[in-house]
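Here's a quick tour of a model for someone who likes to see the cut-offs next to the numbers. Have a look at the structure first, and then we'll go through it piece by piece.

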Amino acid sequence: MTLSNDARLGLDSLAVHAGRDDLMALGVHAAPIDLSSTYALPGVDAGGDAYERLATGGDVGDGSAVYQRLWNPTVARFERALAQLEGAEEAVAFASGMATTTAVLTAARQRRGAHVVAVRPLYGGTDHLLASGLLGTETTFVDRVDQVAAAVRPDTGLVMAETPGNPTLELIDLDALVAAAGDAPVLIDSTFATPVLQRPLDHGVALSLHSATKYIGGHGDVLGGVVACDADWAAAIRPVRAITGAIAHPLSAYLMHRGLQTLPLRVRAQQATAQLVAEAAGAMPGVRAVRYPGLPGCDPLGLVGPGRQMAGPGSVLALEVGSYALAAAVAEGVRLFTHAVSLGSVDSLIQHPASLTHRPVAPEAKPHAGVLRLSIGLEDADDLIADLRQALEAATGS
Ligand SMILES: *Cc1c(COP(=O)(O)O)cnc(C)c1O
């Protein structure tokens, strides 16, 4: 099957076939998982050349893969597939979303400068990494896109943002952000949107990052991350990955690649259910507000809809109940939802961001203690709605 090189293919066809061009020649139908930690070398000179090429960000070409930390064919197949879905020249896959962010920040610091402008809200782990300065970066945090231009400096290596934002689903206008960043490259954490709903590079964004642990893996059984970008960025990021040892494991890459095949189907089905849950939740006892881009008022810039920046609202929503006590009682009172961090799995999850995912975030940027984040899975909408209602009724005594 070589159809995946055909740019006219639709998203669903690409998702099924991308990155699988070499399987026919190999005589297999499913992608093989190459677990080799090291690779036999054809000769000392050829081995040395291959090592040099891979350790400095080059491609394997016809040479040896040398060592799994440098290159792996199972990982490379996933990367090719993800790059096609993002409309990117290349993609680089990692052992986790945070390993991806770490490598991009390190590469940006080397290429452009150590200053970062970050638009809050961000995933708690990302906020923590930036605020800690652990990687030698210095971060200016802003709360709105119209504050970005004034925060950018000559040594700004990266402007970072998330849309939809974690945990309260704020949306950022990518065209406005790219304009505000000027010459500084923009990184978008597109984890909540997936390449099915949003393609940041089409808006001039330099780097589109995913925690593949979430929707791309999709079944809660793989940790991974990936960034889609142009060939220059990929060549800068790959050596960081090789030196720091952050490459995705081949089994993880296999699962992420397989996840892409059902990604459009899962995203659309989970989104349709999320819309129903979001609409129903607004009328449940104890719920003060529902944050979901598919609800009136939650997309003030009109960014969501067919042909717009985000093709649909996705399947993460936030509920504002009055207090910590109520939020805790609901998280502990659900039966069909699982009380757990993470999102994007086939099963529905609920968690309390202020205590968990956003625990390390500075007080001024921490989500309210009465906020719950829900990730909607593939269960029946009626069952999820009934579960949420019984948990809220029990928690409010109504
Ligand atoms: C989970 C998550 C991350 C971190 O990814 P890991 O795979 O857990 O390292 C980054 N950004 C967002 C939006 C996430 O949800």
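Isoleucine 33 is partly exposed, since its relative accessible area is 34% and that class runs between buried (under 20% relative accessible area) and exposed (over 50%), with a 1.4 Å probe and protein chains only. Keep in mind that this is a predicted model, where local features need pLDDT of at least 70, side-chain atom pairs count only at pLDDT 80 or more, and totals for chains, interfaces and linings use all residues. Residues are numbered from 1 along each chain as its sequence is written, and side-chain values use heavy atoms, with hydrogens and water left out.

Isoleucine 33 sits in the loop between helix 2 (23-26) and helix 3 (44-55); helices here are DSSP runs of H or I with at least four residues, strands are E runs of at least two, and both are numbered from the N terminus. Together with Leu35 and Leu251, Ile33 makes a nonpolar surface patch of about 260 Å². Patches take residues with over 30% relative accessible area and no salt bridge, joining nonpolar side chains (Val, Leu, Ile, Met, Phe, Trp, Tyr) within 5 Å and like charges within 9 Å. The areas come from the Shrake-Rupley method with a 1.4 Å probe, and for residues only the protein chains shown count as cover.

**The ligand site**

What surrounds the ligand? There are 14 residues around it, and the closest are Gly97, Met98, Asp189, Thr213 and Lys214; to be near, a residue needs a heavy atom within 4 Å. By class, that shell has four nonpolar, seven polar and three charged residues.

A backbone N or O atom of glycine 97 is 2.9 Å from a ligand oxygen, and a polar backbone atom of methionine 98 is 2.8 Å from a ligand oxygen. Serine 211 uses a polar side-chain atom instead, 2.9 Å from an oxygen atom of the ligand. Taken alone, the ligand exposes 380 Å², and the protein buries 93% of that.

**Salt bridges**

Side chains of opposite charge can pair when their charged atoms come close. Here a salt bridge is a side-chain nitrogen of Lys or Arg within 4 Å of a carboxyl oxygen of Asp or Glu, and the count comes to 13. The table shows some of them.

| Pair | N to O distance |
|---|---|
| Aspartate 127 and arginine 120 | 2.8 Å |
| Arginine 153 and aspartate 155 | 3.0 Å |
| Aspartate 202 and arginine 199 | 3.1 Å |

Arginine 153, by contrast, counts as partly exposed at 30%, and aspartate 155 is partly exposed at 31%. Arginine 199 is partly exposed, with a relative accessible area of 30%. Salt bridges with shared partners also join Glu79, Glu90, Arg238 and Arg241 into one network.

**Loops and backbone details**

Arginine 120 turns up again in the backbone: its peptide bond to proline 121 is cis, with omega near 5°. Proline 121 lies in the loop between strand 2 (115-119) and helix 6 (124-132). Another cis peptide bond joins asparagine 166 and proline 167, with omega about 10°, and proline 167 is in the loop between strand 4 (156-162) and helix 8 (174-181). Leucine 169 lies in the loop between strand 4 and helix 8 and has a positive phi of about 65° although it is not a glycine. Leucine 169 counts as buried because its relative accessibility is 4%.

Valine 66 has a phi near 65°, also positive in a residue other than glycine, and is found in the loop between helix 3 and helix 4. Valine 66 is buried, at 10% relative accessible area. Glutamine 68 is in the loop between helix 3 and helix 4 (73-86) and counts as buried at 14%; its side chain reaches the backbone oxygen of serine 36 at 3.0 Å.

Conventions:
A polar contact is a pair of N or O atoms within 3.5 Å; within protein, one must be able to donate a hydrogen and the other to accept it, and residues adjacent in sequence count only if both atoms are side-chain atoms. Ala, Val, Leu, Ile, Met, Phe, Trp, Tyr, Cys and Pro count as nonpolar, Asp, Glu, Lys and Arg as charged, and the others, Gly among them, as polar.
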